[in-house]
Amino acid sequence: VVFLSCFGSCNCTYFFVLPPLVFTMALRQALNRIPRALNSVKQQIRLHGDINDPAHQQQVDLWIKISYGMVGLSGALGVYVMGKVLTEEHHHNDGPKPPYMHIRHKAFPFEISECALFDTECKAKVRAAKRAVA
């Protein structure tokens with residue numbers, strides 16, 4: 001990265017090229033400050049008290065109860081949602097299909113090439129028409 005800066009007025013012809021080393025040094029200084037900040041956070045965490053303190057055990061028990069409650073609530077919500085999904089009716093779109101749904105550039109490679117692979121209604125109509133002709 002090369003930056004050009006002008007000394008004096010904007011019309012000057014002397015430019016100073018700032019080397020990438022300056023930016024590298026600034027980046028190193030910024031990154032060196034991060035571990036110091038993390039160490040101060042670690043020291044604050046260590047000062048929070050004794051693990052054998054009764055208040056600590058009360059907090060642990062509280063969060064265990066909250067965790068069990070949230071697991072139960074999530075399970076109940078999951079059962080409710082699955083119940084709603086599994087009991088709803090399947091909606092069929094039995095209306096006439098638009099013409100662009102029936103464009104065939106070449107026949108399907110099945111026994112009944114006029115119908116799509118899983119179009120059972122179309123296949124039933126074609127078979128009924130073949131039986132009527134025969």
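## A walk through the model

Phenylalanine 108 is partly exposed, since its relative accessible area is 28%. Keep in mind that this is a predicted model, so the values here are computed from it.

Phenylalanine 108 has a partner. The count of aromatic pairs comes to 1. In that pair, the ring centres of phenylalanine 108 and phenylalanine 110 lie 5.2 Å apart and their planes meet at 15 degrees, so the pair is stacked. If you wonder why two values are quoted, a pair of aromatic rings is described by the distance of the centres and the angle of the planes. The cut-off for stacked is planes under 30 degrees apart.

Phenylalanine 110 is partly exposed too, with 28% relative accessibility. Phenylalanine 110 also meets a charge: the charged end of lysine 123 sits over its ring, 6.0 Å from the centre.

Now for the cysteines. How many disulfides does the model have? The count comes to 1 disulfide. It links cysteine 115 with cysteine 122, with an S to S distance of 2.0 Å. The torsion about this S-S bond is about -70 degrees, so the disulfide is left-handed.

Are these two cysteines buried or exposed? Cysteine 115 is buried, because its relative accessible area of 0% falls under the 20% cut-off. Cysteine 122 is partly exposed, because its 22% lies between 20% and 50%.

| Residue | Relative accessible area | Class |
|---|---|---|
| Phenylalanine 108 | 28% | partly exposed |
| Phenylalanine 110 | 28% | partly exposed |
| Cysteine 115 | 0% | buried |
| Cysteine 122 | 22% | partly exposed |

Next, find the largest pocket, which has a volume of about 380 Å³. It is lined by 16 residues, and the closest to its centre are Lys97, His102, Asp119, Glu121 and Cys122. The lining divides into 5 nonpolar, 4 polar and 7 charged residues.

Finally, step back to the whole chain. It has 3 helices and 2 strands, and from the N terminus on the elements run β-β-α-α-α. Of its 134 residues, 4% count as buried, and cysteine 115 is one of the buried residues.

Note on methods
Residues numbered from 1 in each chain as written. Predicted model: local features only at pLDDT ≥ 70, side-chain atom pairs only at ≥ 80, totals over all residues. Heavy atoms only, no water. Disulfide = S-S within 2.5 Å. Buried < 20%, exposed > 50% of the residue type's maximum accessible area, 1.4 Å probe, protein only. 1 Å grid on protein atoms, 1.4 Å probe; cavity = no way out; pocket = protein on both sides within 12 Å on 5 of 7 lines; lining within 4 Å. Points joined across faces, edges and corners; volume = space filled by probe spheres on them. Nonpolar A, V, L, I, M, F, W, Y, C, P; charged D, E, K, R; others polar. Phe/Tyr/Trp six-rings, centres within 6.5 Å; stacked < 30°, edge-to-face > 60°. Lys NZ or Arg CZ within 6 Å of the ring centre and 35° of its normal. Helix = DSSP H or I, 4+ residues; strand = E, 2+ residues; numbered from the N terminus.
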